[in-house]
Amino acid sequence: MRIDIITVLPELLESPLNHSIMKRAKDKGLLQVYTHNLRQWAVNAYGQVDDYQYGGGAGMVMMCEPLANAIESLQKERSYDEIIYVTPDGAMLNQKLANQLSMKDNLIIICGHYKGIDQRIRDLYVTKEISIGDYVLSGGELAAAIIVDSVGRLLPGVLNDETSALFDSFQDDLLAPPVYTRPEDFRGSKVPEVLLSGNPRIIEDWRHEKALEITGAKRPDLLK
Ligand code: ADE
């Protein structure tokens, strides 16, 4: 899978996408992420990519021309399955959406700043608008990093234990059951007996029961 991110702050994306599982995904050649500095397509030598909004009001708007040129120059090289704009008024990111995106080959993610991007770019180019939560970030980069991480780890072969994403929270609309490691007894607090039983069926049943119990207590909305 290839993801191209259009941003005015490529530096913000360097660290989150170059460690741990994302790094492994890239090293294995399963995920390619390219950041593109929008200022390459600035309208003048000052690197301008934003301007005052029509109708007045505080805050700048990211201009059509640099964004359109950035998108079109990427599209000249390959076709894209989705052109995503990260924005607080987009569809909320969840595991289902991450799963859907993980089946695509080529994605563009546009990171907004200031008051956002000119509406005409959304109308003419953007195919999907995604929010990572009901709060406002100072730019789309962290949202883009979250999308890349949640999608990248689902690509076949990225996780060490191929099956482990199957047991993540949300994968079946359930939160994950509790997990334990050594020691068996931590200051009098013991690992549930069933996990020491060595009986995979009983353990599986217990985990499912716990997942239901925890989901009912913390996120009853998921059980519908
Ligand atoms: N840009 C600013 N806030 C955002 C959010 N909550 N989700 C996605 N992109 C954003």
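**View 1. Asp 4 and its bridge partner in strand S6.** Asp 4 is partnered by Ile 108 of S6 in a bridge. Strand S1 (residues 2–7) pairs with strand S6 (residues 106–111) in the parallel sense, over 5 bridges. Strands are DSSP runs of E with at least two residues, helices are runs of H or I with at least four, and both are numbered from the N terminus; two strands pair if DSSP finds at least two bridges between them. You are looking at a predicted model, in which local features need pLDDT of at least 70 and side-chain atom pairs count only at pLDDT 80 or more, while totals for chains, interfaces and linings use all residues. Residue numbers start from 1 along each chain as its sequence is written.

View 2. Follow the 5 strands in the order S2-S1-S6-S5-S7, with parallel pairing. Strand S2 (32–37) and strand S7 (128–131) stand at the edges with a single partner strand each, so one side of each has no neighbour in the sheet. On average, neighbouring strands of this sheet are turned by 30° against each other, direction ignored. Helix H6 (residues 141–152) packs on the sheet and touches S1, S2, S5, S6 and S7, where contact means C-beta atoms, placed from the backbone, within 7 Å. The direction of H6 makes about 155° with that of S6; axes are lines fitted to C-alpha atoms, for helices over the stretch in contact, and angles run from 0 to 180 degrees between N-to-C directions.

**View 3. Around the ligand.** Among the residues here are Val 86, Thr 87, Pro 88, Ser 131 and Tyr 135. Strand S5 (residues 82–92) gives the most to this shell, with 3 residues.

Key:
Near = placed C-beta within 6 Å. Contact = placed C-beta atoms within 7 Å.
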